[in-house]
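Visitor: Could you walk me through this one? I would like to start with the strands and then move on to the aromatic rings.

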Amino acid sequence: MSKRPYTLDDAMDCVSSVAFSADSKLLASSSFDRKVRVYAFGQGAAPSLKHTFGDATDSVNSVAFSADSKLLASISNDNKVRVYGLDGGGEPKLQHTLDDA
């Protein structure tokens, strides 16, 4: 059985980083379009865009999941680290903003 590659082309500018969750069910991307996107991977299905965060006021440089995949952190050129809570089935929420990062 061959694996089919997927192209995720939702970003309106350069993608600066990507990160898989520990269980490989989620993929997060950061972009110069000031957005963080989270995609879900199902068994054999194409990835689907689940969440888009547009809190940054400048390019987002990097994203990283916590070890348990319940938190997603991003850092952007507006000198802020943002931490989103992904735990639970509801809409993720911005939990912390760290200034002067």
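**Sheets and ring pairs**

Guide: Four strands make up an open sheet in the order 5-6-7-8, with antiparallel pairing; please keep in mind that this is a predicted model.

Visitor: Which strands are at the edges there?

Guide: Strand 5 (60–65) and strand 8 (93–99) are the edge strands, each of them pairing on one side only. From one strand to the next, the twist averages 20°.

Visitor: And how many bridges join strand 6 to strand 7?

Guide: Five bridges join strand 6, residues 71–76, to strand 7, residues 80–85, and the two run antiparallel. Within that pairing, A73 has V83 in strand 7 as its bridge partner.

Visitor: Which residue in strand 4 is the bridge partner of V36?

Guide: The partner of V36 is F53, and strand 3 and strand 4, which run antiparallel, are joined by five bridges.

Visitor: Switching to the rings: how many aromatic pairs does a search of the whole structure find?

Guide: The search finds two aromatic pairs. In one of them, F20 and F41 have ring centres 5.7 Å apart and planes at 50°, so the pair is tilted.

Visitor: Where do F20 and F41 lie?

Guide: F20 lies in strand 1 (residues 15–20), while F41 lies in the loop between strand 3 (36–40) and strand 4 (48–53), so the pair ties together parts that are 21 residues apart in sequence. F41 is partly exposed, its relative accessible area being 27%.

Visitor: And F53 with Y84, how are those rings arranged?

Guide: The centres of the F53 and Y84 rings are 4.0 Å apart and the planes stand at 20°, so this pair counts as stacked. Because F53 lies in strand 4 and Y84 in strand 7, the pair ties together parts that are 31 residues apart in sequence.

Visitor: Is F53 buried or exposed? And what is the relative accessible area of Y84?

Guide: F53 counts as buried, at 7% relative accessibility, and Y84 is buried with a relative accessible area of 2%. The cut-off behind both calls is that buried means under 20% relative accessible area.

Conventions. Residues are numbered from 1 along each chain as its sequence is written. This is a predicted model: local features need pLDDT of at least 70, side-chain atom pairs count only at pLDDT 80 or more; totals for chains, interfaces and linings use all residues. Side-chain values use heavy atoms; hydrogens and water are left out. Two strands pair if DSSP finds at least two bridges between them. Axes are lines fitted to C-alpha atoms, for helices over the stretch in contact, and angles run from 0 to 180 degrees between N-to-C directions. Rings of Phe, Tyr and Trp (its six-membered ring) pair if their centres lie within 6.5 Å; planes under 30 degrees apart count as stacked, over 60 as edge-to-face and the rest as tilted. Buried means under 20% relative accessible area, exposed over 50%, partly exposed in between (1.4 Å probe, protein chains only).
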